[in-house]
Amino acid sequence: MTKWYNVAFLAVCALVLTVLLKAPPVKTVRTPDDATHATPKVFAPCPECHMPGADGPQMRPDHISREATLKRDHVKCYMCHKPFLK
């Protein structure tokens with residue numbers, strides 16, 4: 001019986017490893033390494049620069065609601081947009 005537990009454990013480990021190796025690469029844009037983006041958890045000023053019509057790189061259209069505001073599920077920018085690794 002112990003032999004089957006070991007075989008099942010190895011099969012699960014192989015499955016997890018296969019899924020992790022087949023995962024797609026990260027495509028989300030990272031935040032720049034500058035003073036403006038030094039504190040990524042302070043995301044309230046992000047729309048000032050990144051909404052349509054502003055000077056910074058524009059947000060994707062799926063981040064913006066019909067009322068031209070940031071969608072509620074996109075307000076914490078740092079959850080997806082990680083800082084550059086140093």
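Of the 86 residues in the protein chain, 13% count as buried, where buried means under 20% relative accessible area, exposed means over 50%, and partly exposed lies in between (1.4 Å probe, protein chains only). The structure is a predicted model, in which local features need pLDDT of at least 70 and side-chain atom pairs count only at pLDDT 80 or more, while totals for chains, interfaces and linings use all residues. Residues are numbered from 1 along each chain as its sequence is written, and side-chain values use heavy atoms, with hydrogens and water left out.

The protein chain contains two helices and zero strands; these are DSSP runs, numbered from the N terminus, of at least four residues for helices (H or I) and at least two for strands (E). The radius of gyration of the protein chain is 20 Å, whereas a compact globule of 86 residues would have a value near 12 Å. This radius is taken over C-alpha atoms, and the globule rule is 2.2 Å times the number of residues to the power 0.38. Along the principal axes, the C-alpha atoms fill a box of roughly 65 × 35 × 20 Å.

Contacts were defined as heavy atoms within 4.5 Å. Among those in the protein chain between residues at least 6 apart in sequence, 39% join residues at least 24 apart. The protein chain exposes about 7700 Å², of which carbon and sulfur atoms supply 66%; accessible areas come from the Shrake-Rupley method with a 1.4 Å probe, and for residues only the protein chains shown count as cover.

The segment after α2 (46-50) includes His 63. His 63 counts as buried because its relative accessibility is 15%. Not counting residues up to four places away in sequence, His 63 touches Thr 69, Leu 70, Lys 71, His 74 and His 81. The side chain of His 63 also makes a polar contact with the side chain of Asp 62, at 2.9 Å. A polar contact is a pair of N or O atoms within 3.5 Å; within protein, one must be able to donate a hydrogen and the other to accept it, and residues adjacent in sequence count only if both atoms are side-chain atoms.

Pro 61 is also found in the segment after α2, and counts as exposed because its relative accessibility is 71%. The C-alpha atoms of Pro 61 and Val 12 are separated by 40 Å, the two residues being 49 apart along the chain. Ala 68 lies in the segment after α2 as well, and is exposed, with a relative accessible area of 53%. Although Ala 68 is not a glycine, it has a positive phi of about 65°.
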